[in-house]
Amino acid sequence: MRTLSGLALFAASLAGSASARDFPADPLNSPMWDYRATRLFGADPVRFDPRVKIIVPVIAEDQHRFPVAVDARGIEGVRRILIFADLNPIPLAVDYRPVGAQPYIETRIKLDQRTPVRGAVQIASGEWLVSGIWVDAAGGGCSAPPLSRVRGDWADRLGEMRGGAWSIQGKSDAARLRVSFRHPMDTGLVENTASYYIDHLSVRNARGMELATLEMQAAISEDPSITVLPNASAGERLILAGRDTGGRTYAAIVTVESGAIIPPGGGSQ
Amino acid sequence: MLGALALAPVAAAIPAYGQKPFIYALKPERIADQIWVVRGDDAPIAMANGGAIANIGIIGTAEGAVLFDSGPSLRYGDALQSLATELTGKQVVRVYVSHLHPDHGFGLGAFPASVTTALPETIREIERDSPGFSDGMYRLLGDWMRGTEVKTPAQPLTPGVEVIGGRRLRTIALSGHSGADLCVVDDTSGVLFPGDLVFHNRAPATPEADFSKWRASLDALIGLSPVITVPGHGPVDSTGTAAIRQTRDWLEWLETSIGDAILRGLDMVEAGNMPIPDRFAGMAAARYELQRSISHFYPRMEAALLPRIDVSESATQ
């Protein structure tokens with residue numbers, strides 16, 4: 001407890017030095033809430049809203065690869081979705097703009113310790129709606145070397161992409177797109193290995209219309225995997241373009257198959 | 001005077017720590033002549049159970065007590081040794097460690113190294129993984145783990161028949177739950193100790209699992225026609241094979257469902273929330289183990305099942 005309140009004071013003083021504004025009290029009592037909120041939301045209005053659904057497994061079985069979904073389909077006019085973990089050294093995992101997509105994203109993140117994991121959704125007015133959950137995790141998700149670095153084969157399959165797209169039953173213009181990359185997603189927190197990660201991914205349709213844009217950080221797991229719900233119908237081609245911090249580019253084409261038999265959200269919807 | 005006042009709250013806090021006894025209350029269940037099982041909690045490892053989630057076997061012989069697994073901690077091993085001595089009236093002369101996982105082998109420190117044995121591959125796996133398991137167990141269990149050190153079974157076991165104090169014990173080397181899973185059959189009673197190859201009304205854990213090897217091992221166990229099966233976790237199966245078949249059923253459903261989820265485009269979160277069939281409704285920790293299994297298998301199976309989609313950049317212009 002002493003350590004926690006000390007951290008809270010430390011964080012509060014940092015936050016105080018950056019901004020004098022008051023954020024709403026954090027239902028999770030995170031020691032870093034004010035600090036993270038100041039950095040991520042600046043002067044924008046913020047409130048906690050349970051309609052931002054954050055869906056995670058009951059246990060963090062692997063702190064290097066913890067699946068997190070944020071489902072904001074119950075909210076009108078979603079402009080951006082952030083996934084972040086307060087106590088990670090790299091807090092923000094992804095900043096997603098579903099410009100032509102339903103507001104849902106799933107990815108796998110690293111957890112450096114027990115931490116709140118949050119989804120934040122910005123709506124048209126500029127306001128941020130936030131929710132979150134404490135996740136218990138063993139340490140070192142961000143500071144242990146990726147497996148491909150340990151094996152030494154990270155470069156052999158760099159840039160391999162796998163995935164698919166499926167139309168969502170009952171919706172003629174909605175699809176689910178899954179994509180994964182082979183990439184070490186180095187955090188820079190492992191000795192003698194500079195940070196190196198995929199930082200940008202965009203999805204457009206064959207007419208060149210932008211559907212989804214993601215800015216990513218190395219808090220996303222090694223061999224990153226992304227699921228988004230672009231507005232596209234069966235037979236349509238989706239064109240993916242990515243880039244990493246070393247300047248390497250990534251390209252892929254996926255054709256939407258008809259017939260995902262269950263709606264997004266798995267058994268929960 | 002000031003000094004004494006300042007100290008007072010600290011002194012008062014010490015008995016509060018002491019109030020938690022960290023004592024394992026082991027309750028043996030007699031399942032055959034001179035054979036007892038100490039049932040584990042059919043739940044995940046947690047402070048509430050001190051990590052005592054695995055079933056432990058005690059076999060009395062004329063020479064001494066034989067144990068199948070040793071529990072999660074030194075405290076547990078000590079309590080188990082007292083219990084075995086009390087039940088059999090003799091010292092422990094053999095401790096089999098079924099496989100590498102800490103809920104089975106971390107009580108070894110209570111026993112002389114000379115009586116501890118495991119398959120050679122298990123010994124290698126314990127040497128490789130136990131430091132990491134130890135960190136995890138201390139993180140989850142705190143003071144329950146006091147004094148527990150990583151111990152490796154001293155005697156590499158050659159599978160076959162061991163006669164201890166007139167009791168004929170068959171030791172069988174299988175795999176699938178882990179790289180090496182030791183099973184022991186007491187020939188007199190037909191009691192089978194299959195370790196974590198068999199779960200019963202408690203969902204199987206798969207951190208080191210190999211589906212096809214595990215299934216083959218379960219088929220081999222059915223072929224033994226055991227009279228009573230003591231699963232690694234869950235209640236004793238007095239039919240002999242129901243628990244083996246249930247484990248096989250779950251694993252088959254699990255592997256098929258994970259592959260199916262990937263091919264239908266589900267992500268890991270969605271797959272973890274897939275419906276669990278009604279026939280598994282009575283299984284403890286089903287959702288928990290399903291989500292763990294998703295973590296163990298999903299990325300690997302995705303890499304095998306989803307097609308490559310990358311193209312040259314010019315192809316997208």
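I take contact to mean heavy atoms within 4.5 Å, and I keep in mind throughout that this is a predicted model.

**Entry 1: the two chains together**

I began with the interface, where I found that 40 residues of chain A are in contact with 33 residues of chain B. I noted that the size of an interface is often given as the accessible area lost when the parts come together. For chain A and chain B I read about 3,200 Å² buried between them, with 56% of that area on carbon and sulfur atoms.

I then looked up the polar side of the pairing, and the count came to 26 residue pairs in polar contact between chain A and chain B, both residues being at pLDDT 80 or more. The rule for salt bridges finds 6 across this interface. One that I looked up by name joins A:Arg108 to B:Glu302, whose closest N and O atoms are 2.8 Å apart.

Next I asked which strands of chain A supply at least two residues each to the side that touches chain B. I listed β3 (66-71), β6 (101-109), β9 (161-168), β10 (175-181) and β15 (249-260). Of the elements of chain A, β15(A) gives the most to that side, with 6 residues.

**Entry 2: chain A by itself**

I turned to the make-up of chain A and recorded 3 helices and 15 strands. Of its 269 residues, 57% are buried. When I considered the contacts in chain A between residues at least 6 apart in sequence, I saw that 64% of them join residues at least 24 apart.

**Entry 3: the nonpolar cores**

The largest nonpolar core has 57 residues, and those with the most contacts inside it are A:Tyr96, A:Ile105, A:Leu238 and A:Leu240.

**Entry 4: one histidine in chain B**

Is B:His104 buried or exposed? I found B:His104 in helix α3 (residues 102-105) of chain B, and I count B:His104 as buried because its relative accessible area is 0%, where the cut-off for buried is under 20%. Leaving aside neighbours within four places in sequence, I listed the residues in contact with B:His104, including B:Asp69, B:His99, B:Asp196 and B:His233.

Note on methods
Residues numbered from 1 in each chain as written. Chains lettered and ligands numbered in written order. Predicted model: local features only at pLDDT ≥ 70, side-chain atom pairs only at ≥ 80, totals over all residues. Heavy atoms only, no water. Buried area = accessible area lost by both parts, 1.4 Å probe. Salt bridge = Lys/Arg side-chain N within 4 Å of Asp/Glu carboxyl O. Polar contact = N/O pair within 3.5 Å; in protein donor to acceptor, adjacent residues only side chain to side chain. Helix = DSSP H or I, 4+ residues; strand = E, 2+ residues; numbered from the N terminus. Core = buried A, V, L, I, M, F, W, Y, C linked by side-chain atoms within 4.5 Å. Buried < 20%, exposed > 50% of the residue type's maximum accessible area, 1.4 Å probe, protein only.
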